[in-house]
Amino acid sequence: MPSDERLALVLEALDAPHAAFRAALGTTADQLAHYLTEHRRGGDGPDRVTQMAQELGPFASERIDARKFSSLFAPPSPAASVNGRALDAIEHARATLADMAARGQSLVHVDVPAGGDLISGVARGLEGIGRAFSAVRAFEAARHGGQGSDGGQGRTTRTAVETPPSPSPSPSPLDVFPFSRWGQAERRRCPPLVVTLGGADLGAGAAGLAPFLDGAVKLVLLVEGEAPPAPLVRAITPGTFVLQSPDIEPERLARMIAWDGPGIAAFLSATAAQFIHDPSGGPALGHRLTVSHLPEEAPSRALGGVSARQQADELRQLAELAALATAPSPAVESGEPALAGPAPALSSSPLPPVDPVDKLAAWLLSQADLGDLG
């Protein structure tokens, strides 16, 4: 299947969470626009004076000083407490969210060119998504005069509020928000990131993706050309959903999206190993891991900086995990009763289904805390 068709198929399968994230961005941008409208009416600013003059009508234009008259009705704090510099910062945050909401698939798709760095590509894609979280933080900082949110980690920090820069080669603060600065709440609200790349580049970078697999971050790798046989085996941990397959099956992608934790899927050639590790299956490895195909021939040459020995080790690791997953429990084999006790903490079952639009919008709007707009 040509790469553009495979990409279209993956994006179609992930349309619901992607659309939900964009909808939440648009909703939050609208709320910030309403906030700006309400607060720019405050005080004796030009917007408030112009509005009052229009309300008084032409008869009063030569008889009543609209500025003095509007001051009689200027609302007190919080409107008067948000100065022009802060409002400019909030407007920049609103524009950032509105722009992201309108971007379409470019917001959630990164292409790594041949010979490129997979880790840098994923970091770049997440940094772009992170602009939304940076905008919400900027709003909080501007609204509270520099008292900003730390991304949902339970603390409040002082951050500088900067006036949006004039057009220049230097990036805006809202254009740079690396994954390393995301809080846990932000890592749990990231939409799935789709990455297209060559097989050799997957071999060179797969082992370095682990730091991104946190919160509920989902990575979908669409691989072209020959790749190492088991590049994702290093990602198998009790709480991480891992899928390696030649076939793009929407049902399996839906299972990964439904998992309330991190996940990674790679779609590569049919000659590679095929397996799925689903943490929702249960506490034991045998409940979580299913290996449906192992290559018959051992790797014979280096690929993308990964030696044949390293590839063989990854394949052997997967084979040994598969053997452990299918082996009978020692307690059952010996006729002894299994030990009773609570399931491990990492084996929690998935949460009840929640509408993704409501989930994302509720979090973004709770970060903005716009309850005082009325």
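Trainee: Are F21 and F133 buried or exposed?

Mentor: Both F21 and F133 are buried, where buried means under 20% relative accessible area, exposed over 50% and partly exposed in between, with a 1.4 Å probe and protein chains only. Keep in mind that this is a predicted model: local features need pLDDT of at least 70, side-chain atom pairs count only at pLDDT 80 or more, and totals for chains, interfaces and linings use all residues. Residues are numbered from 1 along each chain as its sequence is written, and side-chain values use heavy atoms, with hydrogens and water left out.

Trainee: How many aromatic pairs does a search of the whole structure find?

Mentor: Five aromatic pairs turn up in the whole structure. Rings of Phe, Tyr and Trp (its six-membered ring) pair if their centres lie within 6.5 Å; planes under 30 degrees apart count as stacked, over 60 as edge-to-face and the rest as tilted. F21 and F133 make an edge-to-face pair, 6.3 Å centre to centre with 75° between the planes. F21 sits in helix α2 (residues 15-40) and F133 in helix α6 (residues 118-143), so their pair ties together parts 112 residues apart in sequence. Helices here are DSSP runs of H or I with at least four residues, strands are runs of E with at least two, and both are numbered from the N terminus.

Trainee: And how are the rings of F179 and W182 placed?

Mentor: Their centres are 5.0 Å apart and the planes are at 55°, so that pair is tilted. F179 counts as buried at 6% relative accessibility, and W182 does too at 3%. One aromatic cluster is formed by F21, F133, F179, W182 and F212.

Trainee: Switching topic: in what order do the strands of the open sheet run?

Mentor: Seven strands form it, in the order β1-β4-β5-β7-β6-β8-β9, with mixed pairing; two strands pair if DSSP finds at least two bridges between them. β1 (109-111) and β9 (289-293) stand at the edges with a single partner strand each, so one side of each has no neighbour in the sheet.

Trainee: How many bridges join β5 to β7?

Mentor: Five, and these two strands run parallel. L222 stands opposite F267 in β7.

Trainee: Last one: which residues are buried in helix α9?

Mentor: In α9 (residues 250-258), R252, L253 and M256 are buried. Down the axis of α9, its buried residues fall within an arc of 100°, so they line one face of the helix; the arc is that of the directions from the helix axis to the C-beta atoms.
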